[in-house]
Structure formats: C-alpha cells, structure tokens
Amino acid sequence: MTAKPLPGKRGKKSRKVRLEDIAERCGVSLSTVSRALAGEKGVRPEIRQQILEAAKTANYVVPTAVAGRKVILAASSAAMIDYVRNQFTLYVLDGLKERAQALGLEIITRPIADKAEELTLLEEARDDPEILGLLFLTVDDEALLAATRGFQKPVILLNGDDPFMRLSSVTPCNRSSARLAADHLIGLGHRRILFLMRPGRRTIERRYEGWRDALLHHGLAADPDLVVPVDDWLPELATQAIVSRIRERGLDFTAVLAAGDSLAVGAMLGVQQMGYAVPRDVSVMGMDDLPQAAFLNPPLTTMHIPMREIGSAALDLLRDSLSGMPFPPRRLELACHLVERSSTAKRAAD
C-alpha cells in the first residue's frame, strides 16, 4: 500500500484531521477506523496497529471512552472548609459534576488531610480498573504532591498548581487577574492600595504578585507595609485588621484590594465602623465575584473568577491525558474579568 499524505503537512494549509483522512491513508473503511480507535472488537491486530500509527503521525487526538468509568476527587481540608463557609468550592464542584454528567463519568469524592489518607487513595485508584484518574482540589502540600508524581494514572490539580510543572493543573489567572484589579484602582487615582490576604496558598501568592506587579509597573512603591495579612478568610477578621490599622496609623490608604470577596466584605465594614464611607473615602475591591457581591452595600467591584469552568476544564484535561498522545504536564489558566460596581470610585482630591 502506498502511503498518502495527510492534511496539515508542510506546504499545505493546515486543517483538522478527520477520520476519513485516516481511512483513506490506511485503505480501510470509515467504520473500521472508528472501531479500531475505540478499541472495539472485529479489527485485525495488524490493521488496528496501522490505524493507530497513522492517527499518531497525523496528531489525531484519539477520543477516550470514559462513559461508565470513575474519577476520584480528593478534596483538601481547605477545600472542605471553603465549601462550608463560602461558595467558591461549591461552584467548582457544580461545573465538575455538570461536565461529568455529560461525559457519563462518576465522581467519587474523598477527603484528604494527610499523607496516610493520600496513600490509601492512590492505592484505591491504582487497584480499581474503573477509576480513570484523580483530581486534587485545593492541594498545596508539597509532600502530598510528591507522592502523586509518577503515578500511573492521570492526576490533575484543581485550584492549585505544581511549581515544578510535574503535574497538570487548572486555575484562574490569579496573577494577571490581581494585576488588572490593581491597575483599575490605580487608574482611578489611588496610590496607597492595601492588599488584604490570607497567606499560605500558592494561588493567593500569585494574587499578591499581581498586586505588586501593578504598583511597580506604575512606578509606585510595593511597600510590604501595605500588605495586611489575616489568619483566615472570615470577614470579621478583615474587619478587625482594617479597624486596627486605622486606629494605629489613621487613614493612610485610599483603596483596599482584597484577595477574596469575603475579606472585601470585612474591609468595607471596617472602614465604615471607623466613620468613613465606601467609596467616598476608601475604594474597596474583591476577587471571586461570588453572587452576594452584587447585593452588598455598596455593591462590590470585583474580579470575576470562572469557578464552574475550573471544574469542567479539569475533567477535559484529564480526558486528554488518557488519549495516548505524549502530552507534557500543562498549567491551564482561565481568564478572569473585571466587574465594576459601586464600591470603587476616583480618589478624592487631597
């Protein structure tokens, strides 16, 4: 058989490779190609191998049959706490479940608090042929991540990233999102912008980096004294932090960028408790765009994070990893956008 060129080669305009192209290349019927790629019976081994090689050469992504199979979702303690207190994890899970239903996949949720629980989880996934892979939700612990590297089934991180790029991950574009948020405040004339954050997670460190990027880009000092840490994501802790700051230093800032909407809520209350108005005296901005942000007083300007899409994209990334193509680990960052409401305004004249 004389091999025929497939589309997408040098000298020709590239287009998506179709099953018909592979059938023509191999001199077989379309149904034979379809059955061979799906792993169905009735195709001679040598023909199946020829079809698989042709698909690989053409960079055709072989669809993986996932219906009726299982994926384990390992949720960290931080994810479980957020699920109870907040809605970020809730919406990530909504997107994940919706995509799983469309693919015919079953999601099995497991808590993971330490390495012993992780090892038990990995053993379960390894020994059960129905389990396609694992999704790790809000996991930063390097010891936990290390144990998954080299695991024989795909492992995808949701709302987290591997700094060494040994595991694939899906996150919002945390750094550039915070950069856009700070740029917005600077564009309104603000120069002293507090960054209110709960330290500890890499995703939040990316948001801190975005705030710093904006200040430095505009020739402003990224003074460490402008960073206000709190011990948890509770609004009352943010309120206490802002009240303490104003009592000790006076109103030495004109804007607050909070690393999450829950902290922005607390920041607004703190400013108001000290007799100042939002946004007349202090502009306050959040990140996440949780539903309640639109109903605050005043409604909160924030960065919209595509929470549902994080869950959906993670499943597609896992499915891609099962295609047989030699994909390296990938970090997928989803774009965020500004939602301007009434909690930010131009800086008042001195």
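The dialogue below goes through a few features of a predicted model.

Me: What kind of model is this, and how are residues numbered?

Reply: The model is predicted, so local features need pLDDT of at least 70 and side-chain atom pairs count only at pLDDT 80 or more, while totals for chains, interfaces and linings use all residues. Residues are numbered from 1 along each chain as its sequence is written, and side-chain values use heavy atoms, with hydrogens and water left out.

Me: How many helices and strands does the protein chain have?

Reply: Helices (H or I, at least four residues) and strands (E, at least two) are DSSP runs, numbered from the N terminus. The protein chain has twelve helices and twelve strands. Its C-alpha trace spans about 80 × 50 × 35 Å along the principal axes.

Me: What describes two packed helices?

Reply: The angle between their axes and the distance between the axes. Axes are lines fitted to C-alpha atoms, for helices over the stretch in contact, and angles run from 0 to 180 degrees between N-to-C directions. Here the axes of helix 1 (residues 19-26) and helix 3 (residues 45-57) come within 10 Å, crossing at roughly 125°. That makes helix 1 oblique to helix 3; angles under 35 degrees count as roughly parallel, over 145 as roughly antiparallel, 65 to 115 as roughly perpendicular and the rest as oblique.

Me: Which residues make the contact?

Reply: Contact means heavy atoms within 4.5 Å. Helix 1 contributes Ile22, Arg25 and Cys26, and helix 3 contributes Gln50, Ile51, Ala54 and Ala55.

Me: Is Cys26 buried or exposed?

Reply: Buried means under 20% relative accessible area, exposed over 50%, and partly exposed in between (1.4 Å probe, protein chains only). Cys26 has a relative accessible area of 5%, so Cys26 is buried. In the protein chain, buried residues make up 48% of the 350 residues.

Me: How many disulfides does the structure hold?

Reply: A disulfide is a pair of cysteine sulfur atoms within 2.5 Å. The structure holds zero. Cys336 is in no disulfide, and the nearest cysteine sulfur, that of Cys173, is 3.6 Å away. Cys336 counts as buried, at 10% relative accessibility.

Me: What does Ala75 touch beyond residues up to four places away in sequence?

Reply: Ala75 lies in strand 1 (residues 70-76) and is buried, with a relative accessible area of 4%. Ala75 touches Met80, Arg110, Pro111, Ile112 and Leu137. Ala75 and Ile112 are 37 residues apart in sequence, yet 5.8 Å apart in space, C-alpha to C-alpha.
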